[in-house]
Amino acid sequence: MKIKILYWFLIPLSIFGQTKIDKNHSSQNIKCSTCHSCEIPTKENPCIKPCPRESMIRIDQKAEDAPRILTIDRIKETDIYAPVKFSHLAHAEMSDLAGGCRTCHHYNPPGNVIGCSECHATQRQRTDINKPDLKGAYHQQCMNCHRAWSGNTDCISCHEIKGKEKVIASVTSDGKKRIHPEIKTPDKIKFDTNIKHGKQVTFYHAEHNELFGLECSDCHSNESCVKCHAVEKVKSPKKLSSKEKHKKCSSCHNTESNCSSCHSNFEKGGFNHAVVTGFDLTKYHGKLNCSRCHTTKSQFKGLKNECKNCHGEWTWENFNHKITGLVLDDTHGEFECENCHKEATYTKPECSDCHEDKSYPKDLPGKKVK
Amino acid sequence: MANQSRRDFLKTSALLGAGITGLTSKPVKAAPKNILDENRMGVLVDTTVCIGCRKCEWACKTAHNLPTQPLESYDDRSVFINMRRPDDKSLTVVNEYPAQESNSFPVNVKVQCMHCDKPACVSACIVGAFSKEENGSVIWDGDKCIGCRYCMVACPFQVPAFEFEKALQPEIRKCDFCFERTKIGKLPACVEICPMEVLTYGRREDLVELAHHKISLYPEKYYNHVFGEYEVGGTSWLYLASRDFSELQFPKLGNSPAPGVSEAIQHGIFAYFIPPIALYALLGGVMWLNKNRKSGEEEQL
């Protein structure tokens, strides 16, 4: 019994002793009970729950903020292998598509993301058996994915034998070039669905990336490694519910109604702003990035087809009519815009309010210029 | 209290003192060998983590001075084609069971002596060469062994192996939980080398707790059973797996200790010297009858 009490006392001590915890962490938006077992933890008795816990705190950082290459040399027991050079940045970039830092850093107290050795002991022989030692933690973390996509558990795929070190292809210690090879995205993907009216969905992948400025991780945020690295091992598609199938699209598209915007019986064309929204971009807005008008990222809805969304109110004084290809004559030059242009998009002018016998484009209120 | 005489006071205080010392007296440090120590050690084998690198096999052989191929040769995975058993030349082996689905991993299972809490080999050994130690290990004394191989028959896991090809002084060999290493504070060789820390060495009680905690945290990952917690009365080595243990060639065993049946019969028959007495009585009776018959024959002559 005495020993048991000692264990409970040692476990929290060992965790508390190893991790640097932000002093103000109590004011952050985290439930105390995530880590503490008692209601009022004190410095003397922090009553920290031993790992593994039901829930863990997880914090994300940008991949670029983390170290590029890590040299793993804290485990001294091994005398066969040289320290591993771990291409952290390449892995961090990939993890953007698979759940972020938390893919590996499953526990992070408030503050910066912490490394494995903050919690996992470097010695195999230890009192706290609730979490693996550093060597075990590394291997369990690495092999979980490596084994899945390569099926290879050979030590030498990561380790170099001491004295025979050579550069492993994926690890370049100079830190100059991007480590992960460029990912090529498909232009379009055709999906066959079992919907009666609209069996085919044509998904323009490259267009989504380029036109809407989407990053890979905007849609692919919870993928497994095998999805890219071992395509043949990906589960045969299970029978997903309709909601699950539409999940990725529904973050931008309304998938509840308006099926025909994606589903059709033939291959649909790519995105056309004029057809879909009724606002033709080709004339004046063709060279603009989407984000010039759609200022909230990944949010393309809610803008009305009105010039004043971006341009404010136009008057005869602040608008240079020449850019439309027509210089107004003196009579028309000082009218308010709305006198002729009844629509909010300032398209076709109405002449009939003043002139009974005139109509656009047969008659012009000025001179055409180039 | 006020009316209490000096004599009464001394009497009660002496009694109280004796009582307290009696209560607080520490249990004898070295537990007798037939009583299980509550701090006995064990190993939790999490087969869901094992990658089948077989480093443990190499470490075991090296630690026990058994001849071995170089470490690199253990990368050869073709050995997994056949199911192997521990023998006198390899005290532990790792087997592989193919993945059930294309997207799951094969399951690797390390096999060695389970170090039962109620070991059948200890019970069966007629010369007392086997013993269950305080730290949980079941070891044997080669000097006492007479090579009867009763332990091989008794073991529910068929672990003890015999050096059949040795003409002189063949020995029983099995995993000894690295008794010589743990005695001086080292870890068992397999536990020390395992890169994945599939093997967790600790107090058996703590390991049982940890195993159940893992199952409760990841119920989709683990098959809800800790093999060795109750099997044949409990074993020092405990196993977690992703599938039913019978699919991984773990023997189906009840929870009653393996020596129970054989011991009950033996102890029942041999209790109170009944069989020897009965035997002598029978022999005596035969002699007496024969003697009577002889004297009868002599009288007739």
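Visitor: What does the accessible surface of chain B come to, and how much of it belongs to carbon and sulfur atoms?

Guide: The accessible surface of chain B is about 17,300 Å², and carbon and sulfur atoms account for 59% of it. Such areas come from the Shrake-Rupley method with a 1.4 Å probe, and for residues only the protein chains shown count as cover.

Some ground rules come next. This is a predicted model, in which local features need pLDDT of at least 70, side-chain atom pairs count only at pLDDT 80 or more, and totals for chains, interfaces and linings use all residues. Residues are numbered from 1 along each chain as its sequence is written, chains are lettered from A and ligands numbered from 1 in the order in which they are written, and side-chain values use heavy atoms, with hydrogens and water left out.

Chain B has nine helices and nine strands. Helices (H or I, at least four residues) and strands (E, at least two) are DSSP runs, numbered from the N terminus. Of the 301 residues in chain B, 43% are buried. A residue is called buried under 20% relative accessible area, exposed over 50%, and partly exposed in between, with a 1.4 Å probe and protein chains only. A contact means heavy atoms within 4.5 Å. If the contacts in chain B between residues at least 6 apart in sequence are taken, 58% of them join residues at least 24 apart.

One residue inside chain B shows what these terms mean in practice. B:Gln112 sits in the loop between β3 (107-111) and α3 (120-124) of chain B. B:Gln112 counts as buried because its relative accessibility is 2%. Leaving out residues up to four places away in sequence, B:Gln112 touches B:Pro86, B:Leu91, B:Thr92, B:Val159, B:Cys175, B:Trp237 and B:Tyr239. The side chains of B:Gln112 and B:Tyr239 are joined by a polar contact of 3.2 Å. Another polar contact, of 2.9 Å, links the side chain of B:Gln112 with that of B:Lys110. A polar contact is a pair of N or O atoms within 3.5 Å; within protein, one must be able to donate a hydrogen and the other to accept it, and residues adjacent in sequence count only if both atoms are side-chain atoms.

A cysteine of chain B is also worth a look. B:Cys194 is buried, with a relative accessible area of 10%. The closest cysteine sulfur to that of B:Cys194 belongs to B:Cys53, and because the two are 6.2 Å apart, they are too far for a bond. The bond in question is a disulfide, a pair of cysteine sulfur atoms within 2.5 Å. Over all chains the count by this rule is one disulfide. A:Cys38 and A:Cys47 form a disulfide, with 1.8 Å between their sulfur atoms.

Now for the side of chain B that meets chain A. The contact involves 33 residues from chain B and 30 residues from chain A. Between the two chains about 2,700 Å² is buried, and carbon and sulfur atoms give 56% of that area. In chain B, the residues that lose the most area to chain A are B:Phe105, B:Met196 and B:Glu197, together 21% of what that side buries. Buried area here is the accessible area (1.4 Å probe) that two parts lose on being put together, summed over both.

The rule finds one salt bridge between chain B and chain A. In a salt bridge, the side chains of B:Glu197 and A:Arg126 meet at 2.8 Å, N to O. The term stands for a side-chain nitrogen of Lys or Arg within 4 Å of a carboxyl oxygen of Asp or Glu. Ten residue pairs, both at pLDDT 80 or more, are in polar contact between chain B and chain A. On the side of chain B that touches chain A, the elements giving two or more residues are α6 (189-193), β8 (199-203) and α7 (204-217) of chain B. Of these, α7(B) gives the most, with six residues.

The partner can be described in the same terms. Chain A has twelve helices and seven strands, and 26% of its 370 residues count as buried. Its accessible surface comes to about 26,100 Å², with 54% belonging to carbon and sulfur atoms.
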